[in-house]
Amino acid sequence: MAVSEVLQKEMTAIVISEPGGPEVLKSETVAVPRPEAGEVLIRVAVAGVNRPDVVQRMGLYPVPPGASPLPGLEVSGTVVALGAGVEPEWIGRKICALTNGGGYAEYCVAPVDQCLPVPECLTMAEAAALPETLFTVWGNMFNRGFAREGETVLVHGGTSGIGTTAIKLGKLFGLNVIVTCGSDQKCTAAKQIGADHAINYKSQDFVEEINKITDGKGVEIVLDMVAGDYVARNLQCLKEDGRHVTIAVQGGLQATINMAQVMMKRLILTGSTLRPQSAARKALLGDELHRYVWPDVEAGKLKPVMDESFPLADAAKAHAHMEAGDHIGKIVLIVE
């Protein structure tokens, strides 16, 4: 292991003391992790807060084998030590990274292939807010959903971290973006961020609104984090050869759908979760982001929508804020 600074043996981290509400997040002293082959050790500046962290805290998102049990799937910081096989030039670099867990801590390890450079146009907080949502949206909307310029995508949860990233990334690549939100205020915010249309799902039937917006043609892609009874309604919104991509199941695990509709319209139903995917798959996504998306990040054309920052010690408050559902964009924890 190559080291650029004298590393302490212990660090402060947020642990999940038991499955439950935000109050189960506790600050503890734990051992500093050591990077294995192909990994870097990051002195964390900022950690992103994401919905999978909340689901893990509740005991509903098992940690993959070999991953850190600590929450935190994305960070920004400085590389301070290297595992075997990592080029020495990585030492001292300011990077943001998709982690396999462990981001709510002073130090965190991440595969080098899941790290991206932090350009001067981004703050460390903004950099920490990018990896998880970019890997997720790119992998699902573009890789699994085959999004192409000129197509229309319906995104549920338009002002969430995923939703705001889908809006910005979609517009960069020439998509028409329609979102659903839970209030008129959020609909206004979503349109200010770049959405072409925003539907208040509490006061409007999004199926009817999609029909009006598209002149009855429907959309090519639905990026869905609700599932449950939304799925059958989503399929009504899709045009022929449409793609339905599920990335979360906040509305329920089960769905009843008309399979004849699937056949007649030649629909594709797919989806994924990011954390359990193989290192090779995540490395491929990281390489694609570096080649196709990062030039726009470096040019200042793509920045995350930021909501609120909390000190690391207030991780429980950050989770409570996320679960309240009033946030617009990304929530982060300031570590240093």
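## Rings, cysteines and a pocket

Author: Let's start with the rings: Trp138, Phe142, Phe173 and Tyr292 form one aromatic cluster. A word on the basis: this is a predicted model, where local features need pLDDT of at least 70 and side-chain atom pairs count only at pLDDT 80 or more, while totals for chains, interfaces and linings use all residues. Residues are numbered from 1 along each chain as its sequence is written, and side-chain values use heavy atoms, with hydrogens and water left out.

Reader: How many aromatic pairs are there in the whole structure?

Author: A search turns up five. Rings of Phe, Tyr and Trp (its six-membered ring) pair if their centres lie within 6.5 Å; planes under 30 degrees apart are stacked, over 60 edge-to-face, and the rest tilted.

Reader: Why is the pair of Phe206 and Tyr230 called tilted?

Author: Their centres are 5.0 Å apart, so they pair, and their planes stand at 45 degrees, so the pair is tilted. Phe206 belongs to helix α6 and Tyr230 to helix α7, 24 residues apart.

Reader: What makes Phe206 count as buried?

Author: Buried means under 20% relative accessible area (exposed is over 50%, partly exposed in between; 1.4 Å probe, protein chains only). Phe206 has 0%, so Phe206 is buried. Tyr230, at 11%, therefore counts as buried too.

Reader: What sits over the ring of Tyr230?

Author: The charged end of Arg233, 5.3 Å from the ring centre. The rule asks for NZ of Lys or CZ of Arg within 6 Å of the ring centre and within 35 degrees of the ring normal. Over at Trp90, the charged end of Arg93 sits over the ring, 4.5 Å from its centre.

Reader: How do you know that Cys108 is in no disulfide?

Author: A disulfide needs a pair of cysteine sulfur atoms within 2.5 Å. For Cys108, the nearest cysteine sulfur is that of Cys115, 9.2 Å away. Cys115 isn't in one either: its nearest is the sulfur of Cys96, at 8.2 Å. Cys108, with a relative accessible area of 1%, is buried, and so is Cys115, at 7%.

Reader: Which residues of the lining of the second largest pocket count as nonpolar, polar or charged, and how many?

Author: There are 19 nonpolar, nine polar and six charged. Ala, Val, Leu, Ile, Met, Phe, Trp, Tyr, Cys and Pro count as nonpolar, Asp, Glu, Lys and Arg as charged, and the others, Gly among them, as polar.

Terms used:
Helix = DSSP H or I, 4+ residues; strand = E, 2+ residues; numbered from the N terminus.
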